[in-house]
Structures are given as C-alpha cells and as structure tokens.
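Take a look at the chain below.

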Amino acid sequence: METESTPGTRRRGGRGARERILQAAAALFYEEGIHATGIARLVETAEVSTRTFYQHFPTKTALVEEYLRDYEAGLARRIEENLTREGLTPKDQLLALFTMIAEATSGPSGRMTNRGCPLHNAAVEAAGHMPAVQELVHHHKSGIARQLTGIAARAGASDPEQLGRQLTVLLEGATALSTSLDSPCPRHDAVAAARVLIEHALPETQMAN
C-alpha cells in the first residue's frame, strides 16, 4: 500500500496506478484544461502519491503526450469501425466521419460534453512550449485530411485533394464552434453541409446513388 498521503486524501496501492493516472488525465485535461490541472489535482483524482506519479511519468508533459497518444489510438479505432461498416460506398464513407462526430455525446471522461476535440484543445494550450504535442496533433490532423482525400479519390471526385481539404476544414470548424457555443448543433449542421460539398464534387452518376 502507498504510505505517502495528505490528510483526508485516500491513496491506493501501486497496482493499476498508471491506468488510474491516465484516466484522471483524460477527464481533467479535457474538462478543466491542461494548464489548469496541476500534479496535486491529478494525484488526488487518481488516488496515488506524488512519488508514484513520477515513477510512471517523469514530467507532466510526458503524461500529456501519453494521454493524447491513447486518445488518438482510440479515435483511430472508432473511425476505422465507422468507415468499414458493411455496405458503405466511398461516398457514404465521406459522410460517415461527420455522422460519427455529430452523434458523439461524450468526451474522454465519458461525460456528455461539447468541449470539442482533445487534440485541437491540446494544440492550443501547447502552442510554443510543447513541441512534441504540437507534432502529434499536426500528424493526426494532416492524417485525417489525407484519409478524406483518399476516400474522395475512390468516390470519383473531380478534385479529391480539394474536397479532402474542404471536408477537413468543415469538420474542424464545426467541432470548434460546438465548443464555443456549448451546443451540438454545429456538428449536426456540418453533416448537411458536407453532403452538399460531396455531391457538388462527385460525378452525376455518383450523386444519383
């Protein structure tokens, strides 16, 4: 059992400590912000000692990076599951990501929220002093654009790169506006707007499907 503690705060044993720290980070970084969440808040929520925290994560920045890598991996799995559903045409796949985002009701903490994309939020907070975080976010966002461009090409878009960029901008903008307005409406509006963009970009034979 942990021996380090502060009065009135429970400290649990080391087994599962790393996972509890990551779970605490997922909730607190997303809902309260990276900068606003200090080590003391993290160890209290995870029910570990400060010593145990630093045994698993030498710095807070290391925890931020691991939190984002975990989130990105989970998001990639959800995207893959949505895009590979049976019977989806490439045109359907272009809309699937928008539908997934529109229907999302919870963030990393599992609570209903309109806090937006954790990766985007982290990029804003990391600007200028967390280069590894910025690189991770850049890699993910550019990957989404490439993925949409590839699907657009398979769908027969006249200019798949342009459509991929436009859909990426729409997706990011809708997510950000949902955060600003604390409303899911922009995400739902983005589905209809994406449909218009896609149909305008595809050949008439594809539009009829």
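Predicted model: local features only at pLDDT ≥ 70, side-chain atom pairs only at ≥ 80, totals over all residues.

**Aromatic rings**

A pair of aromatic rings is described by the distance of the centres and the angle of the planes. Searching the whole structure turns up three aromatic pairs. In one of them, the ring centres of Phe-53 and Tyr-54 are 5.2 Å apart and the planes stand at 90 degrees, so this pair is edge-to-face.

| Residue | Relative accessibility | Class |
|---|---|---|
| Phe-53 | 0% | buried |
| Tyr-54 | 41% | partly exposed |

**Helix 2**

Helix 2 runs through residues 39-46, and its buried residues are Ile-39, Leu-42, Val-43 and Ala-46. They cover an arc of only 90 degrees around the axis, so they lie on the same side of helix 2. An α-helix has 3.6 residues a turn, so residues three or four places apart point the same way. What do the buried residues of helix 2 pack against? Their partners are helix 1 (17-32), helix 3 (50-56) and helix 4 (60-83). Just after helix 2 comes Glu-47, with a positive phi of about 60 degrees.

**Helix 5**

Helix 5 holds 14 residues, 90-103. At 1.5 Å a residue, helix 5 should span 20 Å, and its end C-alpha atoms are 20 Å apart, so the two values agree. Helix 5 also has a kink of about 30 degrees, centred on Ala-96. Ala-96 is one of the buried residues of helix 5, which also include Leu-94, Leu-97 and Phe-98.

How values were computed:
Residues numbered from 1 in each chain as written. Heavy atoms only, no water. Phe/Tyr/Trp six-rings, centres within 6.5 Å; stacked < 30°, edge-to-face > 60°. Buried < 20%, exposed > 50% of the residue type's maximum accessible area, 1.4 Å probe, protein only. Helix = DSSP H or I, 4+ residues; strand = E, 2+ residues; numbered from the N terminus. Arc of directions from axis to C-beta. Contact = heavy atoms within 4.5 Å. Expected span 1.5 Å × (residues − 1). Bend = angle between axes of the 7 residues up to and from the residue.
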